[in-house]
Amino acid sequence: MRNQLIENISTIARQDDRVVFLTADLGFGVTEAFRDEFPKRFFNVGVAEQAMIAAATGLARAGLIPYCYSIATFSALRAFEFIRNGPVLHQLPVKIIGVGPGFDYENDGLTHFAVDDIAVLRSQPGLQIWAPSDEVGFKSSFLRVHEYAGPVYLRIPRRPITKSVAAQRPIEVQSPRVLVIAFGDSLNEALEVSGHLTSSGIDFDFVEQHWMGSLADFDLLQLIARYAICVSVETHYVSGGFGSYLLELSQGLEQPPRIFRHGIESLPVGPLGTRKWLSNVHMTDPTQTAQRVVKALQIKNG
Amino acid sequence: MQDPRSPKQIADSTRKRILETAFRANKGHLGSALSICELITATALSARKFGTDHPARDRVVLSKGHASLALYCILVELGHIAESDLASYCKDGSLLQTHPDRELKSVEFSTGSLGQGIGFATGLALASKIRTEKYRTFVILSDSELNEGSTWESIAMAGTQCLASLTVLLDLNGQQALGYTNDVLRVGNPSKMFFELGWNVVKAPGHDAGQLTSAIQQTESSTKPSVIIAQTTAGRGVSFMERRIEWHYLPMTSEQFQTAMSEQSGQ
């Protein structure tokens, strides 16, 4: 995914000389392609995320379009006040790349786990969050990232998310009352929840969502209005993330659906492991999520 | 039309205006604003197209945003803001508040959070280098901002990138909100530290607007970013405010205002 990202930035940079690339000394084996092609538009600012976002704000104020690269926890959280007082306050097109959503950095621990970045950034008016999961649709979405006149946070997985074989299955539904929404890179976690719903005899629809902002997404609002229950799945704390956004959004409906949030429930400290292992330990138990849906449907069916 | 007054006369007039406006609004931050009267005057007189949004203007960033009143007053002195606008200082609905807002034409960045203005300015200077544009970028930085780690990130970055169009005017008044700088947080010798990080270091008396203007001219030919280390006095020009910590925050009483004004030249 990181290579795909750099390829897209390079493609845009060939057509748009306003593009500049800043890295806070990260991106080994990834960012060199841009550096080699555009040496005068590439800046390693050092391990200085705050200065990177501040400088990017100045660059954008002067008419350039800076892309700022780091691990998500550092670009989004370390530099947060600079994002708030910089591109958000001044409504400037700074593109903030945060690599490694959720448990993407596996053995590196909580300092590297972006499990609260959405909670912080989605509060910011005018800032858009883009969270792709794979290369499908990358190009068209990337154009939207680039052309948006304000700040965008790019929540980029290290590797494309591929459906695990076990999770792949056809979804056949008949007038379902349940919708599962996989946000960003949470496809496999969402498919696992889906598997438990299927085992429980629940029909449901399944969609992926890759964009979020501080304002109401009316397409999303119209979509969730059609269901009695929505299950949000994300690689983020259940508090403050996409599910919380969905809860707030649903309050705009006369008859809001029940929202069940599936995400990271506990502080991921102590023993570490693979993304799968960490998800099993720290994310909502998919059985429990399925049971909640079953129970809610029983109540609604009276 | 060029202002016929000397830099000193403009700075003195700015100082009086600061006192009058702060008293009328019953606001503080006086020590900081009075500290930079000559710095802001010299910067305003040196920066091309100051106070305008002309594309070729030199950029001026007041990193110590809490001294915004000094910026507003010099803008009035030089005719970029109307007296009537200044009269709205800190009133409901006014753009002129205790920190500069980007919606005011002369403000490049909204500052107020210390240690950020210099970073934004670094980006402006980097942009001029990338695009080989001629504008210069000036930053008025307080010495308390040297407490902020992010300030040093930006200083190091500007030195590494050789941002020669960047000039920082360091308001070295030696005090901050709750104490004297050396008691609060020791940050070493700024001259040596800027020099070590690749900067051209110039020293100038902080309350001599004429010499500060010359120092700014001197930095124009530098191939490195420049810092003008200006030894200043917080609360300068008002005997009971000078070097007194409490005047970072306090507004003046009527009696204090009368005393302060009586100490100004030309009274």
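**Exercise 1.** In this predicted model, work out how helix 3 of chain A and helix 7 of chain B cross.

*Solution.* 
- Start with the handedness: the two helices make a right-handed crossing.
- Next, take the geometry. Helix 3 (residues 49-61) of chain A packs against helix 7 of chain B at about 65°, and the axes are 8 Å apart.
- Angles of 65 to 115 degrees count as roughly perpendicular, so that is the label for helix 3 of chain A and helix 7 of chain B.
- Now look at who touches whom: A:Q50, A:A51, A:A54 and A:A55 meet B:S150, B:E153, B:S154 and B:M157.

**Exercise 2.** Find out which helix of chain B gives the largest share of the side that touches chain A.

*Solution.* 
- Begin with the totals: chain B puts in 20 residues and chain A 23 residues.
- On the chain B side, helix 6 (117-130) and helix 7 (149-160) each supply at least two residues.
- Helix 6 of chain B takes the largest share, with nine residues.

**Exercise 3.** Describe how helix 1 and helix 3 of chain B pass each other.

*Solution.* 
- The axes of helix 1 (residues 7-25) and helix 3 (residues 37-46) of chain B come within 9 Å and cross at roughly 125°.
- That angle makes helix 1 of chain B oblique to helix 3 of chain B.
- Their crossing is right-handed.
- Among the residues in contact are B:I10 and B:T14 from helix 1 and B:T41 and B:L45 from helix 3.

Note on methods:
Residues numbered from 1 in each chain as written. Chains lettered and ligands numbered in written order. Predicted model: local features only at pLDDT ≥ 70, side-chain atom pairs only at ≥ 80, totals over all residues. Axes fitted to C-alpha atoms, helices over the stretch in contact; angles between N-to-C directions. Helix = DSSP H or I, 4+ residues; strand = E, 2+ residues; numbered from the N terminus. Parallel < 35°, antiparallel > 145°, perpendicular 65-115°, else oblique. Left-handed = near helix turned anticlockwise from the far one by under 90°. Contact = placed C-beta atoms within 7 Å.
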